[in-house]
Amino acid sequence: MIQTIHQNVKPLSDKTIILANPRGFCAGVDRAIAIVRRALDKYGAPIYVRHEVVHNKYVVDNLKKRGAIFIEDVNDVPEGSILVYSAHGVPLSVRETAETRNLNLIFDATCPLVSKVHVEIKSLHKKGYTIIMVGHKGHPEVEGTMGQVDGNIYLIENILDIEKLPISPDIPKIAVVTQTTLSVDETREILNKLQTSFSNLRLPKNEDICYATQNRQDAVKALAKVCDAVLVIGSKNSSNSNRLKELAENLGVKSYLIDFADEIHQEWLTNVKNVGLTAGASAPEILVEGVINVLNKYGFNKIDTLNVVEEEMVFALPHELRENTPVIASR
Ligand code: SF4
């Protein structure tokens, strides 16, 4: 008998794992982790890191085992130590304090795409713009970005916040920037609403939401079309991982955010034929392998990959941490 598979009807195959591509580490996370690792290799432990270098429990626990010490307040870093700023960036006040601390070396692991927003916001502030930032309150990237300027900047988290802004609708110089890891679709709605609220609004020159966030969200959209459930590997404090889970849910697919494979509940997979698997930008591939092993035990023995886009972005390391560069300071 010839089986016809109609569009939008899921194939009657074995239980299948469908891997999203791209998934997992982005160029900014790769660079940030490499900075801490190479600093440990080159200068020895301890290396102090201001905030979790990336929001992933596995990565942070591994770096702790190798001698990284994560702190929130740079006043807690002993004099003569080496300090690394996390991928999320830091406010100017943190840099200023660190510079008074008589540290041996400071490495900046801020993602270059976050630094780009810092440059933009400082330039806007200098030109006299009132700035609106779209982002999540309390997220270190938002604190770092807003902390590049001294006042005249407002944070909004959603469309409802727009009405609460104490800014005149016809203010001549007004600009908006966004966190890099937001929901692409929600942010578009917020920016549209802002444009109707402020006639002179200046939008970002280039999208502030980064390529990795965009690509992982596009891949989840594609997964949601062909899967009955989606597993997202990522930590609870990872903004981009949470957005992936929400996106699949909003498209009507059961979705779960997990740090590790042992968090999978078998009942999540009841009546699931195709399970989608992706990972946030700070989750390493080894965790994907762990999840695949557990899914194999639950009868998902076939693996397909859904390719949405190939990524080639790579960010250079600080000069001192490139291989074959002599040690310029040691303790
Ligand atoms: S998610 Fe985007 S902004 Fe954040 S570290 Fe990765 S590339 Fe940079």
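Q: In this predicted model, what makes helix α4 stand out in the lining of the largest pocket?
A: Helix α4, residues 112-126, gives the most to that lining, with five residues. The pocket has a volume of about 160 Å³.

Q: How do the residues of that lining divide into nonpolar, polar and charged?
A: Six are charged, three are nonpolar and two are polar.

Q: What makes us say that the charged end of R202 sits over the ring of Y129?
A: Distance is one part of the test: the CZ of an Arg has to be within 6 Å of the ring centre, and within 35 degrees of the ring normal. For R202 the distance to the centre of the Y129 ring is 5.9 Å, and the charged end does count as sitting over the ring.

Q: How many aromatic pairs does the structure hold?
A: Three.

Q: Why is the pair of Y256 and W268 called stacked?
A: Ring centres have to lie within 6.5 Å to pair, and planes under 30 degrees apart count as stacked. Here the centres are 3.9 Å apart and the planes are at 5°, so stacked it is.

Q: Why can we say that this pair ties together parts of the chain?
A: Y256 lies in strand β11 (residues 254-258) and W268 in the loop between β11 and β12, so the parts it ties together are twelve residues apart in sequence.

Q: How do you know whether Y256 and W268 are buried or exposed?
A: Buried means under 20% relative accessible area. Y256 comes in at 18%, so Y256 is buried; W268 has 15%, so W268 is buried too.

Note on methods. Residues numbered from 1 in each chain as written. Predicted model: local features only at pLDDT ≥ 70, side-chain atom pairs only at ≥ 80, totals over all residues. Heavy atoms only, no water. 1 Å grid on protein atoms, 1.4 Å probe; cavity = no way out; pocket = protein on both sides within 12 Å on 5 of 7 lines; lining within 4 Å. Points joined across faces, edges and corners; volume = space filled by probe spheres on them. Helix = DSSP H or I, 4+ residues; strand = E, 2+ residues; numbered from the N terminus. Nonpolar A, V, L, I, M, F, W, Y, C, P; charged D, E, K, R; others polar. Phe/Tyr/Trp six-rings, centres within 6.5 Å; stacked < 30°, edge-to-face > 60°. Buried < 20%, exposed > 50% of the residue type's maximum accessible area, 1.4 Å probe, protein only.
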